[in-house]
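The sequence and structure are shown first.

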Amino acid sequence: MEKVKQNYQMLISGKKQYIDMAFRFYPAEKNSDSLEMKWFHCTASMIYYHGEKATLFNLMDVTITKELDNILRVQDKMVSLGRVAAGIAHEIRNPLSGINIYLNTLKKITGQYDNSEKTAKILSQLQSASNKIESVIKRVMDFSRPTETKFSLTDINDSIMEAVNLTSVTLRKSGIQFSTALSDNLPKCMADSHMIEQVILNLIANASEAMQNMDKDKRINISSFLENNNIYIKVKDSGHGIPQDIRNDIFEPFYTTKNSGSGIGLNICHRIITDHGGTLELSSAEQKGAEFIIKIPINGQNR
Ligand SMILES: Nc1ncnc2c1ncn2[C@@H]1O[C@H](COP(=O)(O)OP(=O)(O)O)[C@@H](O)[C@H]1O
Ligand SMILES: [Mg+2]
């Protein structure tokens, strides 16, 4: 407000011909305790009105424009930050998995020849520190998915199998029984095969995380089939399932029930499938575990 007064003084004293400024203030509204800040854009100039000197003011409430401006600026930053972060994460991840593998080996070897408690303790600390870094990197990579979708004629079963092949070893090691029931008469459809693979990978990761603390009856099944010009993919597990009261939240960005979760996985999956003109839903059938259903129209999108 001080600035406004100063400018006004300069205008009427003739030091300035014209004022053009933006300022913000908290309007004191009667009977209201709302403290909503307003942005105003103000121009003023000296004129002669009926032969007398006068000030012509023009005040415009630009609060909404300013707010939108801010949102856009933040979004812009997020996008570039995401790109940089993804690059760094990628660079760090490879040497880090090397370190983890060597640490594991070292732990085994020292266990055989050296029983000193101290060495074992240091090794465990190293290992937990490096695991922590790995999980942070995983979260960053989860968050920054490539934004451009590239559609081409795709066999959805191929994308499913790519994801399955990438995860099968890890799943077997965790004692998870994995099965597929893929229809052999799926038509090809316009889709981004990498994105679909990403979605399946995410759903498999969630399924296996939901069974982490179980010691038996760990199952994941993926099926695909065609119905009414839609391709359906179902990813079903026998994990702890999803309680009724959080079913509406799980697709929200950053919603997670895990200690080291990012809560971004399902949100990304949802966005990807929506980009394909399809839907990703949680099955409502009463059953043990969780079942996610993807529906992709084979000629639904006009691309
Ligand atoms: N297969 C599943 N079984 C049980 N809960 C699940 C499953 N998939 C997702 N969820 C729930 O949805 C939440 C959000 O998942 P997601 O967006 O992938 O984030 P994150 O895996 O990082 O927690 C999880 O924290 C979990 O509570
Ligand atoms: Mg997840």
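## Thr 279 and strand 9

Not counting residues up to four places away in sequence, Thr 279 touches Ile 273, Ile 293, Ile 294 and Lys 295, where contact means heavy atoms within 4.5 Å. Thr 279 belongs to strand 9; strands (E, at least two residues) and helices (H or I, at least four) are DSSP runs numbered from the N terminus. With a relative accessible area of 32%, Thr 279 is partly exposed. On this scale buried means under 20% relative accessible area, exposed over 50%, and partly exposed in between, for a 1.4 Å probe and protein chains only. The C-alpha atoms of Thr 279 and Ile 296 are 6.8 Å apart in space, and the two residues are 17 apart in sequence.

## Basis of the model

This is a predicted model, in which local features need pLDDT of at least 70 and side-chain atom pairs count only at pLDDT 80 or more, while totals for chains, interfaces and linings use all residues. Residues are numbered from 1 along each chain as its sequence is written, chains are lettered from A and ligands numbered from 1 in the order in which they are written, and side-chain values use heavy atoms, with hydrogens and water left out.

## Overall organisation

The protein chain has six helices and 10 strands. Of its 303 residues, 32% count as buried. Among contacts between residues at least 6 apart in sequence, 61% join residues at least 24 apart.

## Nonpolar cores

A nonpolar core is a set of buried Ala, Val, Leu, Ile, Met, Phe, Trp, Tyr and Cys residues joined through side-chain atoms within 4.5 Å. The largest such core has 39 residues, of which Ile 156, Ile 200, Ile 222, Phe 292 and Ile 294 touch the most other members. At least two residues of this core come from each of helix 4, strand 6 (189-191), helix 5 (193-209), strand 7 (219-227), strand 8 (230-237), helix 6 (265-275), strand 9 (279-282) and strand 10 (291-297). Helix 5 supplies the largest share, seven residues.

Leaving aside neighbours within four places in sequence, Ile 200 is in contact with Ile 160, Ala 163, Ile 222, Ile 233 and Ile 294. A second, separate core has eight residues, including Val 4, Ile 19, Phe 40 and Cys 42.

Helix 4 comprises 18 residues, 156-173, and reaches 26 Å from its first C-alpha to its last, close to the 26 Å expected at 1.5 Å a residue; the expected span is 1.5 Å times one less than the number of residues. A kink of about 45° is centred on Thr 167, the bend at a residue being the angle between axes fitted to the seven residues ending there and the seven starting there. The N-terminal end of helix 4 is capped by Asp 155, which has a side-chain oxygen 3.0 Å from the backbone nitrogen of Asn 157. The buried residues of helix 4 include Ile 156, Ile 160, Ala 163 and Thr 167. Just after helix 4, Gly 175 takes a positive phi of about 75°.

In helix 6, the buried residues include Gly 265, Leu 266, Ile 272 and Ile 273. Gly 277, which follows helix 6, has a positive phi near 75°.

## Loop residues with positive phi

Most residues other than glycine have a negative phi. Asp 217 is not a glycine, yet has a positive phi of about 55°. Asp 217 lies in the loop between helix 5 and strand 7 and is partly exposed, at 38% relative accessibility.

Asn 228, also not a glycine, has a positive phi of about 50°. Asn 228 is placed in the loop between strand 7 and strand 8 and is exposed, with a relative accessible area of 67%.

## Surroundings of ligand 1

Among the 21 residues around ligand 1, Asn 206, Thr 256, Thr 257, Lys 258 and Gly 263 come nearest; a residue counts as near if one of its heavy atoms lies within 4 Å. An N or O atom in the side chain of Thr 257 is 2.4 Å from an oxygen atom of ligand 1. For Lys 258, a polar side-chain atom lies 2.6 Å from an oxygen atom of the ligand. A polar backbone atom of Gly 263 is 2.8 Å from a ligand oxygen atom.

Technical notes:
Polar contact = N/O pair within 3.5 Å; in protein donor to acceptor, adjacent residues only side chain to side chain.
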